[in-house]
Amino acid sequence: MEDPAAQLENLVASPSLPEITCVESIGFSSFNPVPGFRRLQGDLMYLDIHTLEGKKFCVTAHTRGFFVNASGGVILDRRPAHPRRESTTLVGLLRQLSEKFSKGFIEVLERKAQGHPFENVPSLLPCNPWLGPYPPPAHKRDVARAEDALTLPYGSETVGMQRDWNEELQSCREFPRKTLQDRIMRDRALYKVNCDFADAAMKGAKGVIGRCIPPINPTDPERFHMYVHNNIFFSFAMDGDFTLMQQMHDQGSKDASKAEEKDSSKIADNLSKAIGVEPNVEQVQESPSAGALDSEGSASLQGADSEQATYASANNDLKGTKAYNNADVPGLYTLAMAIIDYRGHRIVAQSIIPGILQGDKSESLLYGSVDNGKKIFWNEKFHEKVLEAGKLLHIKEHEVLDGSGAMVKIAAPVECKGIIGSDDRHYILDLMRTTPRDANYTGPGFRHSVLRPELVAAYCQAEALAKAKGKDGEDEVDDKSLNQVDLLSIKLNPNVFTEFKLAGDPEEITADEERVRKAGKYLLDTVLPKFVQDLGSLEVSPMDGQTLTEALHAHGINMRYLGQVANLSKHLPHIWDLCIVEVVTRTAKHVLKGILRATQDHDVGGAIAHFLNCYTGHDIPQSASIGNIEKSPEVSTTQPHGKSGSSEKGKKKGKSGRKSADSVGSDNNSTGLIKDDTTSPASYLCVTSDLIWKDIREAVKFKYQFDLPDDALSKVKRISSIRNLCQKVGITLAARKYDFEAQTPFKTSDILDLHAVVKHSVPMCADARDLLESGKLKLAQGKLPEAYELFSEGFSVLQQVCGPMHREVANCCRYLAMVLYHAGDMAGAIMQQHKELIINERCLGLDHPDTAHSYGNMALFYHGLNQTELALRHMSRALLLLNVSSGSDHPDVAATFINVAMMYQDIQRMNVALRYLQEALQKNLRLLGEEHIQTAVCYHALAIVFNCIGAYKLSSQHEKSTYNILAKQLGEEDTRTKDSANWLKTFQQREAQAKNSPAVSMATAQKAADVLKARPDLLQAFQAAAAGGGSSRGALNKAAAAAAAAALIGERENLPRSRGLDERGARAKADVRKRAAAKGVNIRSQGVPVQALPELLNLSSNAQRKKRVEEPSSSASSANKEKAEQNEHDKNVSQKDGTWTESPANPKKDAQSSTIGQTPLGLGTGLGALETKKAKQKEKPMKAVTS
C-alpha cells in the first residue's frame, strides 16, 4: 500500500464540475436605511445588483414587489427606471435584467436536481475538517459574505432582542410528554435549542478569546475573568496537564545543575511566562508517580487541587449534566452547557439562572455547598427531586457532616448546588462528581478522577445479577429476568474517598467504601481484561484514536487506563501501535495548546507549523524560522486575534495591523510593520524536538503510567498521529504530499485554518433509541418485516427530531439497507446505503472509519448486482480512507484484501485474487498470529482458489492449516472443525484423482500454469511452500512466506484499492438470513448471482446448524467424470457479500441445512453490525460491536 502522506491529495477531491455564476454581486445599497417618507410609501430596502453583462442597477424592494429605480449617482431617485422593469420576485426581475442570469439559474436548478436531496440539507452540528484543498481556492470579493461576517455580533441575534437561552430550554422541558407526538415535539424543540446554544457559545467563545467581549470582573487576574454575552456565561478552564509539565520542570530544576536547568526548563519557563501564571497555581492532574516530588511540591499540588476550573472538572461537569438530563426528573432543571477549545484555551459556556447575577447567590441556595462543605444547605422539596434522580443514577442517599458538625442527609455530591431561580424553578449545577471517585486513583491530585457512568451501570447490573443468582440458587440468570427494583437498589456513595466527613454508622461507611473499591476492582479485573479479549477476537476493532476512545468509553474505561490497555495488548501489534499514537497525541495536544496560549496573534500559523515540524522530529534553526516568517505574509495577517496570557503582549498585539494580504506565494509584499515585529524571535522558536518529546515522555509516564519506547518517534505513524492531533486541536492542513525527509515538512502556508472544538450536551431522542433497539432485536430473531417497520418508524422519528444530518439517522439507514439486502431488494438497499454515506461524510468527516464502512458496504451491494467494476471503485475509496486513518497494518485492511480477492475470483481473475489473499495472510500472521481464526479464514480462502485453478496439493496444504487452527481453537467436535475436515478430505481425494487421471492432471496443470505464468516469482514461492508441506500445520514456511510476500509487494502499486466487510456484521446477517429462511421469508430469490456459504466460514457465530453437510462425493474414476465433477465444483464456488462461498456436492440438502455466508473478521462497524453492550442486555443477543 502507498504511503498515507502521498494519498492526502486524493482525499480532498477538487470540484469536478465548474462553478456556475449567475450574477456578479448582490448587496445592500448604501442608500439604506429607507428614509421615513419612502417607508410610508412601501419601500422596504434598496439593493445594488451587478450583472455578468457588466451593468449595474439599483433595485427597490417594495411591499408589492421589486423594481429598478432611476438612481444613478449619490442621490436616491425613487422613480422607476425607463424602460420599466418590475416583478413580484427578485428572481423574476433578474431574469429580465440579465440573460446570463436566466441561463445560469436554470443550470443551477438542474445541478441541484441531479444531486441527492440530503446533499443540500445543512448540518446543525458540522464536523471540523482537518484537511483543506490545496492549493487554497482564490478568495473572491463577496459583499454579502462580508456583511454577514461583520454584522454578526459573536453569536447574538442581528434583529430583535437577544435570546433567553435558559427560558427557551426550560420551557421546552416543560412541554407535555404523554403521547409519542408530544414527545417528538418536545425532543425536537430541545434538540434545536441545544444546537443553537452550542453554535452561539462557540461564536461567543471566539469573541472572548479574541478580546472582543469585556469581562464582568476586569480587576481580577486575567485567568479568572468571567464574561456574559448573548445571555451566556463564559469562564476559563485551566489546563492541569500543562501545569503538571511546568511543575515537573520546576521540581527537576531544583535537583539539576545550572547548565541542565538552562536547557531542560526552557520550554516550561517560556510557556509559563506566556500564559501569565505562577507555578503551582492551577489544578494539576497528578498521577501516582507524582509522589516523587518533594514536600514543597506536594503541598503546592494539594493546594492547587482545590481549584474547580480545570479541564477534568469541566469534562465531569458536562458528563454529570448529561446524566441528569437523561434522568429527566420533572421539576429538576439543569443548565445548557458547552465546552469550547480554541487557540489553546478552554472556555466553559453555560446559560444563566434567572436572577443569579442580580442578587446574593447564597440567598437562593437551597441544596449543597459553596464553601467545600463548611456549610451545607438542605431543603426537603429539593431533596425529594434529587433523591428521585439519584435512584436512576445509582446515587445512594447518605449523611455527611458540615463544618459545624451538623448532620445533613443528601443524595448528591456535597459540592453540587441546588438553586431556586427568580422563575421559581429548581436548578442543580456543579455536577463534577455524579459518579464516585475511582478507588484506583485516590491521591491528592486525583480529586476529579471519577468512574464513568457506563462503568457504574455495568457494575450495578453485574451486582444485581449476582444478587439474583443468590436468591434463585441458579447458576445462570438472564439479563431480562433482572428485577428493575433489584437493579436500582445497587447504589454508590459519591462522597467516599473525599475530604468531606461522612456521618452515620461506621459499618455503613465502611460498606460504602468497600462497594466503591469493588467497582474499581471490577474495572481492573473484569472490564479491562474483557476489553482486551474483545480486541484480540476482533469483537471490538478500533481504527483510529476517536474510535478507540469511543470503544473505551462504551465499556466504561477512562482514558487514564490507556497505558494499561497498551501493556495488556502487546500481543496485538496494531492495538499497541494505536495506543502509542493516542497517548502521544493526547500529551502533545497539551504542549501545543500551551504554545498557542503563549503565541501572539500574527504568529499562530507559524507556531503550529513549527510545532508540527518538531513533533515529527525536525529541528529548525531559529534563523531559518525567522527568515521563513518574514517571507510569509499569511503569518501576521490571516490569523484572528487571540487571547494572550500577558498584558504586555496584549498591548503589543493591539498595535499590530490588520491589513489583509491574500496573495499567497509573493515574497515582497511584507509591510514594514511586520518586519519590525519579527526582528525579535517569536516565543515558540525556543521549542525544539528534543524538548517536546521530553515533555511528552514525562507526561505520559505521569498520566498514563506508561513508558514510551526509546524509538517512539520513529514508531509513531506520522500521518495518523498528525490527523489525530489536528482533530483534537481544530487545525486544518493543506491536503498535499508532505515530504518528511525535508528539513521543514510543514510550512506556514500549510496551516489553512484553526477551528473551535466543541463538546456539547445535545440530547438524544429516547423514543428513537428504543425503536432502534427493538429493531435490532427483531433483526437478530430473523423477523425482517417487523424489523423493517421498527427501523422505518425510528428513521421517521429521528428525521422529525433532529433532521436527516445526524449520526443516529445514518445508523438507522444502515440497518434499513441491511434488512432490504436480506429481503432481496438491492435497489432499496443501495438507496438507503447512499443516504448513510452522505450523512457520515457530512457529520463525521470524509475519512472517518464509519465513512469507509459506508463505501465498503455500498461496494458489496453493487457487487451483488454484478456491477463489479463499480464495486471495486467504491472499495478503492474505502481502502484509501482506511490507509489514512489507521495505516496499512490493521486486520481490517487484511479483511479488505480477502473480500477484494473474492470479487476478482468471481470475475475469473485468479492471479489477482491470489496476490490479495497472500498479502492478507501475511498481515494476519504478523498482526494476529498463526493460530487466530481470522488466519484460518485466509488459509481456507486460499485453499478454494488453489482448488479452482487445479493446484490440489496446495489446496490440501492450506486446508490442513485451517483444520489445525480450528481444531485447536474450537475443538474436534465443533461443527466448523468437522466441515474443515470434510473439505480437506475432498481436496485430498481430488489430488489423488488428478494423479490417477493424466488427462485431467494435464488440463488442471495447464490451467494453473495459465494463471501463474505471468508471475514466476509467485509460482516459485508456492513451490517452496509445497516443499515445506510436511510440517504439522501444512502452511507456508518462513522462507516461502517471505518469497511470496516479496513477490506480492513488487506489484502492489498496481492493485486496485478496496476493503472488506465486517465479520461481526456478517455473523449478524447469517443469523438473520437463516432464521428468515426457516420462516419462509423470500431472501434474494431472483437475479442475484450468489450462493450460500458453508458453515466453515461462520467461524464466530453462536448459531449452530441442525444438520450436517454431506461430504462432497468423490467416487468418479474416469477422466470425464472427474472433469464433470470439477466443473460442478467450480460452479458451486462463487462470491457472496465480498467473500468466498463454496457449496458441497448436494446443493438441495445444503440449502436446507447450511447457514448464510459469512465474511472474514475485520473492518469495524460494517453491514449488520449491532452494539454488543446493548445487545447483551436482550434475550439471545446478536454478537456485534459498533466502533
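This is a predicted model: local features need pLDDT of at least 70, side-chain atom pairs count only at pLDDT 80 or more; totals for chains, interfaces and linings use all residues.
Trainee: Why is Met-45 called partly exposed?
Mentor: Met-45 has a relative accessible area of 31%. Buried means under 20%, exposed over 50%, and partly exposed in between. So Met-45, at 31%, is partly exposed.

Trainee: What makes β2 and β3 a pair of strands?
Mentor: Two strands pair if there are at least two bridges between them. β2 and β3 (residues 56-62) have seven bridges, so they pair, in the antiparallel sense. Within that region, Ile-49 has Phe-57 of β3 as its bridge partner.

Trainee: In what order do the five strands of the open sheet run, and which are the edge strands?
Mentor: The order is β1-β2-β3-β4-β5, with antiparallel pairing. β1 (25-28) and β5 (86-87) are the edge strands, because each pairs on one side only.

Trainee: Why is the pair of Tyr-227 and Phe-236 called edge-to-face?
Mentor: The planes of Tyr-227 and Phe-236 are 75° apart, and over 60 counts as edge-to-face. The centres are 6.1 Å apart, within the 6.5 Å limit, so the rings do pair. Tyr-227 and Phe-236 are both buried.

Trainee: Why is the pair of Tyr-738 and Phe-746 called tilted?
Mentor: The planes of Tyr-738 and Phe-746 stand at 35°. Under 30 degrees would be stacked and over 60 edge-to-face, so 35° is tilted. The centres of these two rings are 4.7 Å apart.

Trainee: How do you know that Tyr-738 and Phe-746 are buried?
Mentor: Tyr-738 has a relative accessible area of 4%. Phe-746 has 2%. Buried means under 20%, so Tyr-738 and Phe-746 both qualify.

Trainee: How do you know that the charged end of Lys-206 sits over the ring of Tyr-342?
Mentor: The charged end of Lys-206 is 5.4 Å from the ring centre of Tyr-342. The limits are 6 Å from the centre and 35 degrees from the ring normal.

Trainee: What makes Glu-167 and Arg-425 a salt bridge?
Mentor: The closest N and O atoms of Glu-167 and Arg-425 are 3.2 Å apart. The cut-off is 4 Å, so the contact counts. Glu-167 lies in helix α6 and Arg-425 in the loop between β15 and β16, so the pair ties together parts that are 258 residues apart in sequence.

Trainee: Is Arg-425 buried or exposed?
Mentor: Arg-425 has a relative accessible area of 9%, under 20%, so Arg-425 is buried. Glu-167, at 33%, is partly exposed. Arg-425 also meets Glu-174 in a salt bridge of 2.9 Å, N to O. That pair links parts of the chain 251 residues apart.

Trainee: Why are Asp-750 and Arg-736 called buried?
Mentor: Asp-750 has a relative accessible area of 2%. Arg-736 has 13%. Both values are under 20%, so both residues are buried. Their side chains meet in a salt bridge of 2.7 Å, N to O.

Trainee: How many salt bridges does the whole structure hold?
Mentor: A search finds 44.

Note on methods. Residues are numbered from 1 along each chain as its sequence is written. Side-chain values use heavy atoms; hydrogens and water are left out. Buried means under 20% relative accessible area, exposed over 50%, partly exposed in between (1.4 Å probe, protein chains only). Helices (H or I, at least four residues) and strands (E, at least two) are DSSP runs, numbered from the N terminus. Rings of Phe, Tyr and Trp (its six-membered ring) pair if their centres lie within 6.5 Å; planes under 30 degrees apart count as stacked, over 60 as edge-to-face and the rest as tilted.
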